[in-house]
Amino acid sequence: MKTFPGPVMLDVKGPVLDKDDVRRLSHPMTGGVILFARHFENRRQLVALTDAIRDVRDDLLIAVDHEGGRVQRFRTDGFTVLPAMRRLGELWDRDVLLATKVATATGYVLAAELRACGVDMSFTPVLDLDYGRSSVIGDRAFHRDPRVVTLLAKSLNHGLALAGMGNCGKHFPGHGFASADSHVALPVDERELDDILNADAAPYDWLGMALASVIPAHVIYTKVDEKPAGFSRIWLQEILRKQLRFTGAIFSDDLSMEAARAGGTLTQAAQAALEAGCDMVLVCNQPEAAEAVLRELAYVPSKESAQRLRQLRPRGKAPSWGKLLERPAYREAQALLRSAFA
């Protein structure tokens, strides 16, 4: 009987697979692959890489952080350079209707181009609020107002869905107020729970069933739990699942980040994140360390967890790049982006 792939998402060494990559991808604890800029030389090579991954395992989820602005892994050889999400928020302040149309076009172009190259999903949209405090979030956030964030994210998600791609809201319950960069430090947010729920976490509540997956923040909210949200059953089980009734998949943020070390070794962090309620954990930029996690992790995903991850598989057959360029919807979306940010 074929089983669903494991709960670990890792990366590969470079733009082509080597025998060590193949061994790690073949491991039953591997469930996904995340790509970075170092995995991209040109479109032909990217398609060859995703095809090679599929040749090893056709059940792996291939993902990327491809938001727009400064977080866009593939930017040349025909890929549209997408706006930072703050640009959509600024457009909203001038013209609400146009902003929603451009957000949908952004999501569609983003997803259609990735899928044409064999990538299943992007970890987007960012739902953090723009308090002007967090340099790591900054212009990745749509807006300061959670209502605007929600409506722009809903429009962007619609664009993703038009291309058959799911979505991933991040960083639950909100990274915008914590000033430290969780890549190099452990951010702390000392606000009361009600303040966070009424503002930062509101988009997760309002988007409801339209939100397919979530990444929690590597932030400690001291008035709620001593653990970072991604390791906290209070945040993931009591608040996200029960109070906000979230039914989608939960990915950990990168466990290689400094803020994740509160969880101990990489394997201990992965175990803690999964036991707290994550469905899949990310171990990025350390392939050899990821292999130790695959070897040492003692965890069997539930059927419910497997189903949540299975639902993130893209829908429909994606056109090739050449066929995509011929699609009127794609050409119209690109034209709208050019005119909006000319």
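Leaving aside its neighbours within four places in sequence, which residues is Phe74 in contact with? Contact here means heavy atoms within 4.5 Å. On that basis, Phe74 touches Leu35, Phe36, Phe40, Leu46, Val64, His66, Phe79, Leu114 and Val119.

Before I continue, a word on the model. It is predicted, with local features needing pLDDT of at least 70 and side-chain atom pairs pLDDT 80 or more, while totals for chains, interfaces and linings use all residues. Residues are numbered from 1 along each chain as its sequence is written, and side-chain values use heavy atoms, leaving out hydrogens and water.

Phe74 is also among the residues that touch the most other members of the largest nonpolar core, which has 106 residues. Such a core is a set of buried Ala, Val, Leu, Ile, Met, Phe, Trp, Tyr and Cys residues joined through side-chain atoms within 4.5 Å, where buried means under 20% relative accessible area with a 1.4 Å probe, protein chains only. Helix 4 gives the most to this core, with eleven residues.

Let us turn to helix 4 itself. The axes of helix 4 (residues 96–116) and helix 5 (residues 146–162) come within 6 Å and cross at roughly 35 degrees. Axes are lines fitted to C-alpha atoms, for helices over the stretch in contact, with angles from 0 to 180 degrees between N-to-C directions. Helices are DSSP runs of H or I, at least four residues, and strands are runs of E, at least two, numbered from the N terminus.

Eight strands form an open sheet in the order 6-3-2-1-12-11-9-7, with parallel pairing; strands pair if DSSP finds at least two bridges between them. Strand 6 (121–122) and strand 7 (169–172) each have a single partner strand, so one side of each lacks a neighbour in the sheet.

Conventions. Buried means under 20% relative accessible area, exposed over 50%, partly exposed in between (1.4 Å probe, protein chains only).
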